[in-house]
Amino acid sequence: MKTLRQNNQLSNRSLGNQQGNQLDNKQSNLQKIQQAYSQAIYQADTNALELLIHGTTDFTTRTRVDVYRNNTLGTLKQTLADTYPVCEMLVGKNYFKQLGTAYVRQYPSTDRNLDHYGSEFPLTLQNLIEQRDELQKLAYLADVAQLEWCLHQAYYAPNRTVFDFERFSNLGSEQHENIVFKLADDIYLMESPYPIYTIWLSHQNSEENTDDLDSEPHNYIMVHRDSWQAQALLIDEALYLLLNAIKQNTPLSKLTDLLENSPMDIVTLIQQGFVTGFEFK
Amino acid sequence: MPSILPHSIATQAGIGLRTQHINQILDQRVPVPWFELLVDNWLADGGLTQRYLDEIIERYPVTLHGVGLSLGGTEPLDFTYLGEIKAILQLSGFNNGGFENSNKPLWYSEHLCFSQLQSHYSHDLLPLPYTDESVKHIANRIQQVQDFLGCQMLVENVSSYLEYKENSFSEGEFIHAIVEEADCNLLLDVNNFYVNQVNHGQDAFQQIRALPHKRVKEIHLAGFEDKQTHVVDAHNNPVADEVWDLYKQTLALTGPVATLIEWDNDVPELDILLNERQKAQCFLDKQTASVTTSEKVA
């Protein structure tokens, strides 16, 4: 997400020209230290860093390096646990720690923003379900993880904009068929062959009773942010197909059949705040 | 709204704002002289985070504290990230006539360390070697940040668990050289100096004495965790007696300085945090009275 701006390219060029080899030597020395940390933290190879530091009998070089290694790995594993609390409940804390250790080894953090860490966890779980016997009975686990990732993203999504009704009402009828509606940024859609909505809901602290909930075998779910909290809603297939088509920038002219079957028309979607804008294809 | 705002935070103790306490603080309008925001937690594009940010800045003086810049790193500085911080620094909300720098967060601080490891991130504050090369490298980057933000920043000393063989300065000399070279201000973390005293056998007060005291604009206090062979800067305990003693000695050198209680893990009830704040405030009040008395005598 983060990109280098021109300011920095300028300053690098300036430094390189004015300070020459001295800077190169300095940077390569710091880079060597950073490489040693990278090996220690993400590859469990502490030798290079241990050679660069002092140690004592009580507080050895290995223990010192391990403080940093454990800090980073602990932070990433805790981030996974915070993002995927229902998955943690489903497999138990100890097994989740094992999953976290394997994930962190496979996916070092590549973003300074920890909120972005863990996006590949659902896919990783899907692969593990196919490989590990003990996960066979939790075949729905990867889909529950996907639902939790959608909730996580919805929570941090940009705020909704208000639909421009005035501009919309001034459109000529010939323009209608090329309209592409914009779904709110906090809306995420997913389907699953498992009753993951009921599974997820039964692991929330809410007082809502899940006993009477119909555990539909195939779930269509819309995640969105309402009253500042990310929420999951079970929706019917027709609405799911309509929203999904809108999300994929399908022009209005090709939404006709989907709109006929959907329980909500475009005006209702706009009034609900689900559709926040439009453009032309 | 009752006035809960002081005319200057230089003689005031504040607390780090934690999500667990936000509703209570906003609902009860809890009187706290100022808050520090861990800015990396407040960069969301929308939602509750942004709403709380606006409300807090509207009502209280705040400072911004970062952990994600990797000031001492060798990867290019991330000006997109700094742009987001600059946008918060320019938010207008707090408006109390007569207050210094009213309407905007008061300053932005970061750590004298690195956290980026080429394409990966450690999400930790990794120490630099105390060398002349490190001084020039990080001072240059601090200047770039200050040029971009259009204001002076504060840099903070970090706790550490290792010392490099190539160190050619003491920690105090190293920090002194950086802030003078970069012409920036200093956030002095008393607990970090104490942690390093235990972990490396160095005299914490000697390091603090070596600093340019006029550049100290903020002090951090926090609790550590004793691991027998070493102590960890865990921010999960009350401030230790030894650290309070060191704080008192530090104030004698710097005069009254805005002081912050940090408590990031195993976060307690707000009242406990406020009691820690009050304790720091008592030290600050004594120091302020002592300065006033000596000025009168002079």
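## Polar contacts and salt bridge between the chains

Across the interface of chain B and chain A, 19 residue pairs are in polar contact, both residues at pLDDT 80 or more. A polar contact is a pair of N or O atoms within 3.5 Å; within protein, one must be able to donate a hydrogen and the other to accept it, and residues adjacent in sequence count only if both atoms are side-chain atoms. This is a predicted model, in which local features need pLDDT of at least 70 and side-chain atom pairs count only at pLDDT 80 or more, while totals for chains, interfaces and linings use all residues. Residues are numbered from 1 along each chain as its sequence is written, chains are lettered from A in the order in which they are written, and side-chain values use heavy atoms, with hydrogens and water left out.

The same interface holds 1 salt bridge (a side-chain nitrogen of Lys or Arg within 4 Å of a carboxyl oxygen of Asp or Glu). Its partners are Arg112(A) and Asp78(B), whose closest N and O atoms are 3.1 Å apart.

## Extent and make-up of the chain interface

Chain B contributes 54 residues to the contact and chain A contributes 52, where contact means heavy atoms within 4.5 Å. About 4800 Å² is buried between chain B and chain A, with carbon and sulfur atoms giving 55%; buried area is the accessible area (1.4 Å probe) that two parts lose on being put together, summed over both. In chain B, Thr74(B), His123(B) and Tyr161(B) lose the most area to chain A, together 14% of what that side buries.

## Domains of chain A

The domain assignment, which is automatic or from a database, divides chain A into domain 1 (1-53), domain 2 (75-139) and domain 3 (153-280).

Domain 2 and domain 3 of chain A bury about 470 Å² between them, 75% of it on carbon and sulfur atoms. On the domain 2 side, Val86(A), Asp115(A) and Ala139(A) lose the most area to domain 3, together 66% of what that side buries. Between these domains there are 0 salt bridges and 0 residue pairs in polar contact, counted with both residues at pLDDT 80 or more.

## Aromatic pairs

Over all chains the count comes to 26 aromatic pairs. Rings of Phe, Tyr and Trp (its six-membered ring) pair if their centres lie within 6.5 Å; planes under 30 degrees apart count as stacked, over 60 as edge-to-face and the rest as tilted. Tyr103(A) and Phe121(A) form an edge-to-face pair, 5.4 Å centre to centre with 85° between the planes.
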